[in-house]
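Please open the model in your viewer and keep the selection tool at hand. The stops below are meant to be taken in order.

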Amino acid sequence: MLFPRAVLPSLLHLTPEWLRARGLKGVILDLDNTLLPYGEEEIPSDHRTWLEGLKAEMPVYLLSNALPERFARVQKALGLPGHAPALKPWLGFRKALRALELPPSQVAVVGDQIFTDVLGGNLVGAYTVLVPPLREREFFYTRFIRMLETPFRKPRGGLG
(Lines give C-alpha, C1' and ligand atoms only; values in the text may rest on other atoms or scores of the structure.)
Protein backbone atom coordinates (compact mmCIF):
# COMPACT_ATOMS: atom_id res chain seq x y z
CA MET A 1 0.00 0.00 0.00
CA LEU A 2 2.91 2.38 0.56
CA PHE A 3 4.94 1.73 -2.60
CA PRO A 4 4.19 3.77 -5.73
CA ARG A 5 3.70 2.01 -9.06
CA ALA A 6 6.21 4.41 -10.64
CA VAL A 7 8.78 6.94 -9.52
CA LEU A 8 9.70 9.71 -11.96
CA PRO A 9 12.63 12.13 -11.72
CA SER A 10 10.32 15.09 -12.34
CA LEU A 11 6.67 15.89 -12.90
CA LEU A 12 7.69 16.96 -16.40
CA HIS A 13 8.47 13.32 -17.25
CA LEU A 14 4.78 12.47 -16.89
CA THR A 15 3.71 12.88 -20.51
CA PRO A 16 0.43 11.96 -22.16
CA GLU A 17 2.34 9.31 -24.11
CA TRP A 18 3.79 7.80 -20.92
CA LEU A 19 0.31 7.71 -19.37
CA ARG A 20 -1.40 6.21 -22.43
CA ALA A 21 1.30 3.50 -22.69
CA ARG A 22 0.09 2.32 -19.26
CA GLY A 23 -3.60 2.48 -20.15
CA LEU A 24 -4.16 5.66 -18.14
CA LYS A 25 -6.76 8.17 -19.29
CA GLY A 26 -6.95 10.70 -16.45
CA VAL A 27 -4.83 12.27 -13.69
CA ILE A 28 -5.47 13.19 -10.06
CA LEU A 29 -2.77 15.73 -9.31
CA ASP A 30 -1.44 16.96 -5.98
CA LEU A 31 -0.79 20.68 -5.58
CA ASP A 32 1.88 21.56 -3.00
CA ASN A 33 5.43 20.54 -3.84
CA THR A 34 4.15 18.57 -6.84
CA LEU A 35 2.74 21.21 -9.19
CA LEU A 36 3.99 24.30 -7.39
CA PRO A 37 6.44 24.94 -4.56
CA TYR A 38 5.01 24.63 -1.05
CA GLY A 39 3.44 27.85 0.19
CA GLU A 40 3.43 29.59 -3.19
CA GLU A 41 0.64 30.37 -5.59
CA GLU A 42 2.65 31.04 -8.73
CA ILE A 43 3.20 27.94 -10.84
CA PRO A 44 6.64 27.67 -12.44
CA SER A 45 6.41 28.38 -16.17
CA ASP A 46 7.69 24.94 -17.18
CA HIS A 47 5.03 23.29 -15.00
CA ARG A 48 2.32 25.55 -16.42
CA THR A 49 3.36 24.61 -19.97
CA TRP A 50 3.43 20.92 -18.99
CA LEU A 51 -0.02 21.17 -17.41
CA GLU A 52 -1.57 22.91 -20.43
CA GLY A 53 -0.23 20.13 -22.67
CA LEU A 54 -1.58 17.43 -20.36
CA LYS A 55 -5.01 19.10 -20.02
CA ALA A 56 -5.29 19.16 -23.83
CA GLU A 57 -4.88 15.37 -23.91
CA MET A 58 -6.79 14.08 -20.88
CA PRO A 59 -8.80 15.18 -17.84
CA VAL A 60 -6.90 16.42 -14.79
CA TYR A 61 -8.35 16.80 -11.29
CA LEU A 62 -6.53 18.81 -8.62
CA LEU A 63 -6.66 17.21 -5.15
CA SER A 64 -4.99 18.85 -2.18
CA ASN A 65 -4.84 19.10 1.58
CA ALA A 66 -4.20 22.85 1.20
CA LEU A 67 -6.29 25.51 2.90
CA PRO A 68 -9.48 26.06 0.89
CA GLU A 69 -8.96 29.80 0.23
CA ARG A 70 -5.47 29.39 -1.21
CA PHE A 71 -6.50 26.28 -3.13
CA ALA A 72 -9.46 28.12 -4.68
CA ARG A 73 -7.20 30.92 -5.96
CA VAL A 74 -4.77 28.47 -7.57
CA GLN A 75 -7.56 26.28 -8.92
CA LYS A 76 -9.28 29.26 -10.52
CA ALA A 77 -6.04 30.40 -12.13
CA LEU A 78 -5.50 26.92 -13.58
CA GLY A 79 -9.08 26.31 -14.65
CA LEU A 80 -9.08 22.79 -13.20
CA PRO A 81 -11.73 20.85 -11.34
CA GLY A 82 -10.69 19.84 -7.85
CA HIS A 83 -11.22 20.25 -4.14
CA ALA A 84 -9.48 20.96 -0.87
CA PRO A 85 -9.02 20.14 1.85
CA ALA A 86 -9.18 16.58 0.59
CA LEU A 87 -8.15 14.96 3.91
CA LYS A 88 -5.76 12.66 2.04
CA PRO A 89 -5.11 9.76 2.24
CA TRP A 90 -8.49 8.71 3.65
CA LEU A 91 -10.88 10.96 1.78
CA GLY A 92 -11.04 12.86 -1.48
CA PHE A 93 -9.92 10.25 -3.98
CA ARG A 94 -13.34 8.71 -4.59
CA LYS A 95 -14.85 12.14 -5.23
CA ALA A 96 -12.04 12.86 -7.69
CA LEU A 97 -12.63 9.55 -9.49
CA ARG A 98 -16.35 10.28 -9.77
CA ALA A 99 -15.57 13.70 -11.25
CA LEU A 100 -13.20 12.16 -13.80
CA GLU A 101 -15.81 9.49 -14.66
CA LEU A 102 -13.06 6.89 -15.03
CA PRO A 103 -12.37 3.64 -13.19
CA PRO A 104 -9.40 3.77 -10.79
CA SER A 105 -7.35 1.46 -13.02
CA GLN A 106 -7.36 4.17 -15.70
CA VAL A 107 -6.31 7.03 -13.42
CA ALA A 108 -2.84 8.12 -12.31
CA VAL A 109 -2.54 9.68 -8.86
CA VAL A 110 0.52 11.92 -8.96
CA GLY A 111 2.14 13.45 -5.91
CA ASP A 112 5.25 13.94 -3.83
CA GLN A 113 4.23 12.20 -0.59
CA ILE A 114 3.95 8.52 0.28
CA PHE A 115 1.56 8.75 3.24
CA THR A 116 -0.96 10.98 1.47
CA ASP A 117 -0.77 10.73 -2.32
CA VAL A 118 0.59 7.21 -2.79
CA LEU A 119 -1.31 5.58 0.07
CA GLY A 120 -4.58 7.26 -0.90
CA GLY A 121 -4.18 6.39 -4.57
CA ASN A 122 -3.33 2.78 -3.78
CA LEU A 123 -6.31 2.47 -1.43
CA VAL A 124 -8.69 3.28 -4.29
CA GLY A 125 -6.83 1.13 -6.84
CA ALA A 126 -5.32 3.91 -8.95
CA TYR A 127 -1.91 3.88 -10.63
CA THR A 128 0.32 5.83 -8.23
CA VAL A 129 3.21 7.99 -9.44
CA LEU A 130 5.69 9.56 -7.04
CA VAL A 131 7.65 12.64 -8.03
CA PRO A 132 10.28 14.46 -5.97
CA PRO A 133 9.16 17.50 -3.98
CA LEU A 134 9.82 20.83 -5.68
CA ARG A 135 11.20 22.46 -2.57
CA GLU A 136 12.79 21.39 0.68
CA ARG A 137 11.12 24.21 2.64
CA GLU A 138 7.99 22.64 4.04
CA PHE A 139 5.71 22.48 7.02
CA PHE A 140 7.66 20.99 9.99
CA TYR A 141 5.36 17.96 10.16
CA THR A 142 5.94 17.18 6.48
CA ARG A 143 9.73 17.22 6.92
CA PHE A 144 9.38 14.67 9.72
CA ILE A 145 7.06 12.46 7.65
CA ARG A 146 9.50 12.51 4.71
CA MET A 147 12.09 10.83 6.93
CA LEU A 148 9.60 8.03 7.62
CA GLU A 149 8.80 7.73 3.90
CA THR A 150 12.38 7.05 2.80
CA PRO A 151 12.12 3.22 2.57
CA PHE A 152 9.04 3.51 0.34
CA ARG A 153 10.34 6.05 -2.18
CA LYS A 154 10.88 3.44 -4.88
CA PRO A 155 8.45 1.64 -7.20
CA ARG A 156 6.37 -1.29 -5.94
CA GLY A 157 8.54 -4.38 -5.77
CA GLY A 158 11.66 -2.38 -5.00
CA LEU A 159 12.81 -1.95 -8.59
CA GLY A 160 14.39 1.39 -9.37
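Predicted model: local features only at pLDDT ≥ 70, side-chain atom pairs only at ≥ 80, totals over all residues.

Residues are numbered from 1 along each chain as its sequence is written, and side-chain values use heavy atoms, with hydrogens and water left out.

Start by selecting Leu-19, Val-27, Leu-29, Leu-35, Val-110 and Val-129, which touch the most other members of the 30-residue largest nonpolar core. Such a core is a set of buried Ala, Val, Leu, Ile, Met, Phe, Trp, Tyr and Cys residues joined through side-chain atoms within 4.5 Å; buried means under 20% relative accessible area, exposed over 50%, and partly exposed in between (1.4 Å probe, protein chains only). Among the elements giving two or more residues to this core are helix 1 (16-21), helix 2 (45-57) and strand 6 (127-130), where helices (H or I, at least four residues) and strands (E, at least two) are DSSP runs numbered from the N terminus. Apart from this core lies another, of 13 residues, including Tyr-61, Leu-63, Ala-86 and Val-109.

Next select Trp-18 and Tyr-127, an edge-to-face aromatic pair with 6.0 Å centre to centre and 80° between the planes. Rings of Phe, Tyr and Trp (its six-membered ring) pair if their centres lie within 6.5 Å, with planes under 30 degrees apart counted as stacked, over 60 as edge-to-face and the rest as tilted. Trp-18 sits in helix 1 and Tyr-127 in strand 6, 109 residues apart, and both are buried.

Now move to Lys-88, whose side chain meets that of Asp-30 in a salt bridge (2.8 Å, N to O) and that of Asp-117 in another (2.7 Å, N to O); a salt bridge is a side-chain nitrogen of Lys or Arg within 4 Å of a carboxyl oxygen of Asp or Glu. Asp-30 and Lys-88 are buried, and Asp-117 is buried as well. Then select Glu-17, Arg-20 and Glu-57, which salt bridges with shared partners join into one network.

Finally, show Met-1, Leu-87, Trp-90, Leu-91 and Leu-123, which make a nonpolar surface patch of about 580 Å². Patches consist of residues with over 30% relative accessible area and no salt bridge, like charges being joined within 9 Å and nonpolar side chains (Val, Leu, Ile, Met, Phe, Trp, Tyr) within 5 Å; accessible areas come from the Shrake-Rupley method with a 1.4 Å probe, and for residues only the protein chains shown count as cover.
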